[in-house]
Amino acid sequence: MSALSTAGVTGAGGVAPEMPVRAGRRGAGTWRWVVLTAAGLYFLVPIGASLWFTLRDGGAGGLTAEHYTGIPAAEGFAETFGRSLALGSLTVLLALLLMVPTVVLVELRLPRLRTTVELLTLLPLVLPPIALVVGVRSVLAWAPDHFFGTPLAEVFFALQRPSLPWILVFVYVVLALPFVYRALDAGLRGTDLRTLTEAARNLGASWPRVLVSVVLPVLRTSVLNAAFLTLALVLGEFTVAAILGFRTFPTWILEISGSQPQLSVAVSVLSLAMTWLLLLLISALDRRRPGKESA
Amino acid sequence: MTTLPAAPAGTAPAELRERPGVGVRLEGLTRRYGSVLALDGLDLDVTGGELLALLGPSGCGKTTALRAIAGFDRPDAGRVLLDGRDVTDVPASKRDTGMVFQAYSLFPNLTVAENVAFGLRVRRRSRIEQRRRAGELLELVGLADRAGRYPHQLSGGQQQRVALARALAVAPQVLLLDEPLSALDARVRVQLREEIRRIQLELGITTVFVTHDQAEALSVADRVGVLRAGRLEQVASPDDLYERPATAFVAEFVGTMNRVPAVLAGGGVELLGVRRPVAGAAPSGGPVVALVRPEALLVAADPAGEGRVVTRTFSGASTRLAVALPGGVEVVVDVASAESQALVPGTAVTVTPAERAVLVAPAG
Ligand SMILES: Nc1ncnc2c1ncn2[C@@H]1O[C@H](COP(=O)(O)OP(=O)(O)OP(=O)(O)O)[C@@H](O)[C@H]1O
Ligand SMILES: [Mg+2]
């Protein structure tokens, strides 16, 4: 499952502005190749090894795709992958519902709060997730007893339903905040949203109209980026799910790695490939976006 | 009107010319930002159909005044009237003003034509009308061939033309321009300001043009309002402003002005060894300086003169001389180039004020 978290980091790199390439310095070309090769080996060797490991046919010594074709039918795959996808989608939805209005509001109406919001959204990166989880676990253990017999106890039970643990969604929203905020903020940096909204207002557009016709198109790419990062984060998150005792896609991979090591690695390789595909898709959509400034 | 080499031959669509210019009136507008008084009881009357330039140094409240007219910003006190109607509480989207912003403000996801048609789309006009009107306006600003481009494919000057077309497409009552040329280079700036003036005259649309460039204001405006610290110092035609500035601030902000040491004496003012009448009101006491335009000083080569030519800058028909006078005073003088050939740097000269009334301001 570490494959997926690595992909999440790769995605974050896609959000950052590209560094200008300084040309003309002697030796720069050589160094570029050295760095690229080193980085390439660093990423490619483990992936190549995994691929080799999963394609090898144990007895005959030939090649086989059976570990890949066997994934859909594998015990527990459909259930846990489906659950992780559901958790991911809910997290994306909630995080965007929370952050898009916040970012837009801060940009247009409360620019003085910008630093505060930025610091707040960075907190999850500074606080170790383990601290967050332990805190959540204590509350979950304490609350049902404390509120026993009240509707609140029911709420706490519902939050921990194993089929769709909403508590994970809430924790993941917190963990995703830094990425979502950065992605949205990066999308606003390049445009003067305030002037654009004023231009639209001046031309007679109502506020809902401004939101749909001006703000959302400007934020489209960054919303996609944020959604992608969040999804990758949730699909690869292990610690929180494992400690709270829920069965998700990553915990399932660990579960089967003992008995079916090749299957578990095959799943990891496949999810990595899927993540890359999503990334390519987003950058393709981004390139098609006509108004994008060529950076 | 000046003819431009690149001037498009577009004419204004008839429906844009139907409305006569509408008057704009600001009454006691006050706007405070924390401890900063951006507008300090501003009164202003813009006559229907005129182009009024709001001129003033950075931070004097020009943008704030314009935003109050457009409805982006609510004044703390005072009223905004469009065509005699109080619109102080009308939201920006219902004000019927067309604004061109200092920053590039085209919608990046829309083509040039779609940008121009945006206001019509919001007003639910038919697609056919949107396309026709956008075409006419792009013709008017000379960009008909760029209709399908996206904003980032245009130069800064072209983007501002599109912004102008977009603002005019909805046939607004008033056109508001907030330093629309300040991001452009000098040549484009001169060309575009003349084009704005051509279009404005053609449509007869009431226009408020904000700028901090006095040459820009003087060259295109019917009247210029000089703003200082949130208040109007003077509103007058460019000629009046230049020739008869009401205050020392206006005198020095508009055009080049020399400060010459002077003394008030016998109802007149003594400067450079001669006496001249005082223009307007003289300060009641204390040390004063005379304010004299470069073309209101006469210079003559004179071996006994106390002035020395420091630099000589040729600019076509006239030549500007910088002359050092005793006491560390330096003045600039404009002379006809034909008469300035002998006045090379180092020449000893006398400088005298022309025979006319002189503006006097407190020294310091
Ligand atoms: N949103 C705001 N918050 C705080 N202060 C503001 C704000 N807008 C304007 N001000 C202050 O009000 C004063 C007038 O500002 P304004 O933008 O109207 O000046 P301006 O004449 O347009 O200047 P410039 O030529 O630099 O554009 C300035 O001192 C400015 O700092
Ligand atoms: Mg301004």
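Helices here are DSSP runs of type H or I with at least four residues, and strands are E runs of at least two, both numbered from the N terminus. Keep that in mind for chain A. Read along the sequence, chain A goes α-α-α-α-α-α-α-α-α-α-α-α-α. That comes to 13 helices and zero strands. One caution before I go on: this is a predicted model.

Let me stay with chain A. It has 295 residues, and 40% of them count as buried. Chain A exposes about 16400 Å², with carbon and sulfur atoms supplying 70% of that. Now the contacts within the chain. Take those between residues at least 6 apart in sequence: 75% join residues at least 24 apart.

Here is one residue to look at. A:Leu279 sits in helix α13, residues 261-288. Now find A:Phe228. In sequence, A:Leu279 and A:Phe228 are 51 residues apart. In space, their C-alpha atoms are 7.6 Å apart.

Next, the interface. How many residues of chain B are in contact with chain A? The count is 26 residues of chain B, against 21 residues of chain A. The size of an interface is often given as the accessible area lost when the parts come together. For chains B and A, that is about 2100 Å², and 61% of it is on carbon and sulfur atoms. Three residues stand out. B:Ser93, B:Pro108 and B:His152 supply 25% of the area that chain B buries against chain A, more than any other three residues.

What about charges across the interface? Between chain B and chain A, the count is one salt bridge. It pairs A:Glu198 with B:Arg67, and the closest N and O atoms are 2.8 Å apart.

Which elements of chain B give two or more residues to the side that touches chain A? They are α2 (62-70), β6 (97-100), α3 (112-122) and α5 (156-169). Helix α3 of chain B gives the largest share, four residues. By class, this side of chain B has 15 nonpolar, seven polar and four charged residues.

Over all chains, the structure holds 30. I will show a few in chain B.

Start with B:Asp89 and B:Arg74. Their closest N and O atoms are 2.4 Å apart. This pair links distant parts of the chain, 15 residues apart. B:Asp89 is in the loop between β5 (85-86) and β6, and B:Arg74 is in the loop between α2 and β4 (77-82). B:Asp89 counts as exposed, at 61% relative accessibility. B:Arg74 is partly exposed, at 48%.

Now move to helix α4, residues 127-140 of chain B. There B:Arg133 and B:Glu129 lie four residues apart, about one turn of the helix. Their side chains meet in a salt bridge, 3.8 Å from N to O. B:Arg133 counts as buried, at 5% relative accessibility.

The helix holds another pair, B:Glu136 and B:Arg132, also four residues apart and separated by about one helical turn. The closest N and O atoms of that salt bridge are 3.1 Å apart. B:Glu136 counts as partly exposed, at 23%. B:Arg132 is partly exposed too, at 39%.

I finish with a network. Salt bridges link B:Arg25, B:Glu27, B:Asp45, B:Arg79 and B:Asp86.

Notes: Residues numbered from 1 in each chain as written. Chains lettered and ligands numbered in written order. Predicted model: local features only at pLDDT ≥ 70, side-chain atom pairs only at ≥ 80, totals over all residues. Heavy atoms only, no water. Contact = heavy atoms within 4.5 Å. Buried area = accessible area lost by both parts, 1.4 Å probe. Salt bridge = Lys/Arg side-chain N within 4 Å of Asp/Glu carboxyl O. Nonpolar A, V, L, I, M, F, W, Y, C, P; charged D, E, K, R; others polar. Buried < 20%, exposed > 50% of the residue type's maximum accessible area, 1.4 Å probe, protein only. Areas by Shrake-Rupley, 256 points an atom, 1.4 Å probe, with all protein chains shown as cover.
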